[in-house]
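Welcome to a short tour of one chain. Have the coordinates open and follow along, going from the whole chain down to single residues.

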Amino acid sequence: MSFSGRMQNSHFYSVFFAPRGRDRIYDLGMQLAQMYLSPYDKLIGIIGESGSGKSMLIKGMFPGLELTNDDNGVNTRPLPILDQEDYGFFTAHTYHLDIRFEAAFAQMHELAEAILRAVQNGKRVIVEHFDMIYPFLKINAHLLIGVGEEIMVTRPTVFGPLPQEIYDRVSRSVVYRRMAHSAEDLCEYFMPDEDFKRCRHSDIKHGFVLAFDKTKPDFDLNELESKVLNAIAQDLTISYVDEGHILIGDALHPCTGPRTHMPSTGHIENFRLIKKYFYDPIADRYLLAGRVGPHLDGEDSDDLNEIDTAE
């Protein structure tokens, strides 16, 4: 059995790069809501590892929604969806719950029953770690969103895709996002201060892009790569400080995605810079690209986001 959406019935799935900074994830969340969210969607499943940015994406899609697993440790109790009958007319229209978190406090069948009851009462329910509750619900979501290196958006039918398929894909790829973000911050840390202050961020497969408006940077790319590789060899700890900073070793560094990193620099595999600046004439900016993980096809050309067409 599956809920079938009344809108966008021909939509199979869409794929976006998963941004690393808070503001970019918020913006993408708003975009996804405008493009894919239907008023008829009552059950929305979010899938991905802890620290992948699921909660930030939800905040972008549903501004003002009170999340029950607040990152600052202020958790809503009692869990509203388990207490929904107590308020009659005044029950919430939209509920949120994090299954991995709530499994420590409630039985899975209780959570599944509460989700179904809310949906049957016309409420909307946003479920993080939807793959964990699916075997108890036995119904799929109206809209499934997986967060890894990519953000996958799909509107499943009785024929799938199933939540476990989404989880398998995003859980394999999220390590590249964390490695890329860690390497990106190291590049920022070692580049000249004036260029660090003006650089902006974008994405490529298994990597990152630093963008510089109008003026081409003049720092040496081989020297920058060497400094980053040396920091990787030192296996410096990367740790969360607050929502705007991390520590690289004992050095404070600004970062708007402080939870999406490897635990230390030594976990960054096969870092390399593409030894050229790419010029975007439309935006009048210069782009510096870095890669992590295995060498990909197209890396020796300008096609860094080559699409794999193999069947």
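## The chain as a whole

Of the 311 residues in this predicted model, 51% are buried. The chain holds 8 helices and 14 strands. If you count contacts with a separation of 6 or more, 69% of them join residues 24 or more positions apart. The accessible surface of the chain is about 15,100 Å², and carbon and sulfur atoms account for 52% of that area.

As a general background, nonpolar side chains in soluble globular proteins tend to be buried together. Here the largest nonpolar core has 28 residues, and Cys-187, Phe-219, Phe-271 and Leu-288 have the most contacts inside it. Two or more residues of this core come from each of helix H6 (163-190), helix H8 (221-233), strand S8 (207-213), strand S10 (245-248) and strand S14 (285-291). Another core, of 27 residues, lies apart from it, and its members include Leu-43, Ile-99, Ala-106 and Ile-133.

What is Phe-219 in contact with, leaving aside its neighbours within four places in sequence? The list is Met-191, Pro-192, Asp-195, Phe-212, Leu-224, Tyr-277 and Leu-288.

Strand S2 (residues 43-47) is mostly covered, with 5 of its 5 residues buried. In a regular strand, side chains alternate between the two faces of the sheet. In S2, Leu-43, Gly-45 and Ile-47 point one way while Ile-44 and Ile-46 point the other way, and all are buried.

S2 runs parallel to strand S4 (residues 124-128), joined by 4 bridges, and Gly-45 stands opposite Val-127 there. S2 also runs parallel to strand S5 (residues 143-147), again through 4 bridges. In S5, Gly-45 has Leu-144 as its bridge partner.

One of the pairs to look at is Phe-17 with its bridge partner Glu-150 in S6.

Is Phe-12 buried or exposed? Phe-12 counts as exposed because its relative accessibility is 54%, above the cut-off of over 50%. Phe-12 sits in the segment before strand S1 (13-17). Together with Tyr-13 and Val-15, Phe-12 forms a nonpolar patch on the surface, and the three have about 290 Å² of accessible area together.

Met-30 belongs to helix H1 (residues 22-36). Its relative accessibility is 38%, so Met-30 counts as partly exposed. Leaving aside neighbours within four places in sequence, Met-30 is in contact with Gly-60 and Met-61. Met-30 and Met-61 are 31 residues apart along the chain, yet their C-alpha atoms are separated by 4.8 Å.

Definitions and conventions. Residues numbered from 1 in each chain as written. Predicted model: local features only at pLDDT ≥ 70, side-chain atom pairs only at ≥ 80, totals over all residues. Heavy atoms only, no water. Core = buried A, V, L, I, M, F, W, Y, C linked by side-chain atoms within 4.5 Å. Buried < 20%, exposed > 50% of the residue type's maximum accessible area, 1.4 Å probe, protein only. Contact = heavy atoms within 4.5 Å. Patch = residues over 30% accessible without salt bridge, like charges linked within 9 Å, V, L, I, M, F, W, Y side chains within 5 Å. Areas by Shrake-Rupley, 256 points an atom, 1.4 Å probe, with all protein chains shown as cover. Salt bridge = Lys/Arg side-chain N within 4 Å of Asp/Glu carboxyl O. Pairing = 2+ DSSP bridges.
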